[in-house]
Every structure is written in C-alpha cells, then in structure tokens.
Amino acid sequence: MFNPEQFWQTLPERSEKRKTLNNENYRQGVLKKAREAINIDRINPYNFVDLYGQEAVAADIKWTKERQAYFQTHNSESEIWHKEVADILEAILHEQIEQNNYFGEHVWTIKTCDYDDYHNHIDSLLEIRHPERRFANYSGLALDVTSASRLEALEKKIRRIFKCIQNGQLAKIKYFQSDFLNIRGEKSNIPLFVVGCDIHHTEELAKLWNDGRERILAQHPIQVALLEQITRQAKIYCDYAQRNNQTEVANQYQEILREFEAIIRERQPIITDIKKRPENQEFFQSDVMLNNLENILDKYDKYYQRPNSSPSHSRRK
C-alpha cells in the first residue's frame, strides 16, 4: 500500500542518488553551469583582430569549430563523457582557485579560448600578481586539467612535457590577454602542469559546487593536492631541464617552484588542518589519479637520474 509519509521521507535520498555524473540530465545541468562559469572570463579571439587580422582570427575559429564537430562525431560515447566530466572539473578548479583562494590572494585564473585549448592543450593559465612590482609572473603557469585515471593517458601527458623540455620548449598560447598588465598577444615560455583528481572525487566536487556548498569547498583537500602536484612537478621538470642544459626552461620551472613553496609556507596552517582531518584521509589515499600521477613522476624521476637516460625511453610498469 502506498505510504505518503514514507514516500516524502525517501525523496531526499532519491534525489541524492540522482546526483551522479552518470545521470545524463544531472550531468548536463552541471555542465551547463560549468560552461557559463568558464565563459565569464574566457579570452575572446575576436578581441585580437587588430593584431592578427580578421582572416587569421576567422580561420582559427573555423578550425576550432571543425575540431569540436569532429570530436562529437568521431569519438565514442565514453570519450565524450570523459571530456564533459573534465570540463566540469576544469570549471570548478578555475572558479575555486580565485573564489576560495586555493593558492592565496595573489593567484588569478585566466581561461584560454577554445583554439588554445584544442591546439595547444592548455585549459587555463594562472597569473601570479605582484602589485608592488606591477608584473605578472608568467613563468607562466599553464594547466592541463584532467580527471583521467588511466596510467597510459596520464603518462602520455607527462611524456609530452618531458619531450618539450628536452627540446627546450615550453607551452605557448596564441590568444593571451592580461587585464592586470593590459597586454595581449602571443605568450610563450609557459611551464605546463598536469593537475586534477579522479572521477569519483570530481563527482564529489561537482555535487558540492552545484549545491552551492562554498564553505565545504573552501576546506576541500583538492587544494592541498593541487599545491603538491604543482610543486612536485616543478622540481622534477626543473631538474630534468638542468640535466639537459635547458637553462631558460629550468629557470622558468624554478621560479614557479619558488612561488608555490612560498604559497605553501603562507597557507601552512590551513594545509595542516586539512591534512589532519580524518574525513580527508580517504581523498589522499584513494584518489586513483593522484596515486597514478605520483607513480609516473616517481618512475620518470628515477629514470632521468640514470646516466644517459631519457623519460621518452622509459619502460611501462
């Protein structure tokens, strides 16, 4: 027999069960919010017509739309799903880094345009602002945000960074704009970092974000993981660049390392509090992406310390 009281009592539980990124309606709702949040400060290529010319900008936009259309028609449902989830994670991190000062008060986010996202594999830039010096530190933090947990997918991203370092190359974007310095144009020599968390914790972040749980997000352990990911990679990439006599590249990563070590010192009380909370231990211990990324970095770190070794020749575990 239908029990109205029991029905209404179970509604909150049923609603929570629907809050999964496997639920098409729920995911599309969060994705819509994510795209709206990202578009607020996304760099607009049309603002560069006076620099590059209308035909060049139109050609880049046309190429981007063709890539997006190709992706939708040629990739599997699973690949499209993973791209949508990654877009959600990117939007959350892009917003929280500024809104909840994940990296302190002096780090601001810049959203690249779709062209640089697809062509140069850069999702966002971090601008470290020093008001007293009036310059932005673009020893330029470029982020490749991912929720990919597969070892092969992560290693492909890391291997690409090592190869670029070996060739003395850093990331670049064609459409760069900084309101802080009032400059725009191509920006090169930007150190690139791979950051993120796995699908399970991306879904956790998505629920909190979509429900407006800002106080919980402000204390979320993802911010500690991001700081550790960036400093760990900066040290390894800097050392590798030095070993390959790529002094300029090494200096760029060294500058990022100094900046983020200073951020960690500044935020140490918050970091310590977050790490000691029992409810956060599961995040640090079980996140597949974090653990796989650490294993990959550790393997590469050991490999390039060998004489005449190169990450591009590393063996699979």
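**Notebook: helix packing and buried residues**

I counted the secondary structure to begin: the chain has 14 helices and six strands. Helices (H or I, at least four residues) and strands (E, at least two) are DSSP runs, numbered from the N terminus. This is a predicted model, so I noted the limits: local features need pLDDT of at least 70, side-chain atom pairs count only at pLDDT 80 or more, and totals for chains, interfaces and linings use all residues. Residues are numbered from 1 along each chain as its sequence is written, and side-chain values use heavy atoms, with hydrogens and water left out.

**Whole chain**

I looked up burial next. Of the 317 residues, 48% count as buried. Buried means under 20% relative accessible area, exposed over 50%, and partly exposed in between (1.4 Å probe, protein chains only). Then I checked contacts, meaning heavy atoms within 4.5 Å. Among contacts in the chain with a separation of 6 or more, 72% come from residues 24 or more positions apart.

I turned to the helix pairs. Two packed helices are described by the angle between their axes and the distance between the axes. Axes are lines fitted to C-alpha atoms, for helices over the stretch in contact, and angles run from 0 to 180 degrees between N-to-C directions.

For the cut-offs, angles under 35 degrees count as roughly parallel, over 145 as roughly antiparallel, 65 to 115 as roughly perpendicular and the rest as oblique. Ile264, Arg265 and Glu266 of H11 meet Gln268, Pro269 and Ile271 of H12. I sorted the residues of this contact into three nonpolar, one polar and two charged. Ala, Val, Leu, Ile, Met, Phe, Trp, Tyr, Cys and Pro count as nonpolar, Asp, Glu, Lys and Arg as charged, and the others, Gly among them, as polar.

I then followed H12 to H13 (residues 278-286). Their axes come within 6 Å and cross at roughly 90 degrees. H12 and H13, too, are roughly perpendicular to each other. On the H12 side I found Ile274, Lys275 and Lys276; on the H13 side, Pro278, Asn280, Gln281 and Phe284. By class, this contact has three nonpolar, two polar and two charged residues.

**Single residues**

I looked up tryptophan 81 in H5 (residues 77-99). Tryptophan 81 is buried, at a relative accessible area of 17%. Setting aside residues up to four places away in sequence, tryptophan 81 touches Leu21, Asn22, Arg27 and Ile199. Tryptophan 81 and asparagine 22 are 59 residues apart in sequence, yet 8.6 Å apart in space, C-alpha to C-alpha.

Asparagine 292 is in H14 (residues 288-304). I read its relative accessible area as 17%, so asparagine 292 is buried. Beyond its neighbours within four places in sequence, asparagine 292 is in contact with Ser149, Leu151 and Leu154.

Arginine 129 lies in strand S2 (residues 124-130). Arginine 129 is buried, with a relative accessible area of 18%. Its side chain makes a polar contact with the side chain of glutamate 127 (2.4 Å). A polar contact is a pair of N or O atoms within 3.5 Å; within protein, one must be able to donate a hydrogen and the other to accept it, and residues adjacent in sequence count only if both atoms are side-chain atoms.

**Cysteines**

I searched the whole structure for disulfides and found zero. The cut-off is a pair of cysteine sulfur atoms within 2.5 Å. Cysteine 113 counts as buried at 1% relative accessibility. Cysteine 238 counts as buried, at 1% relative accessibility.
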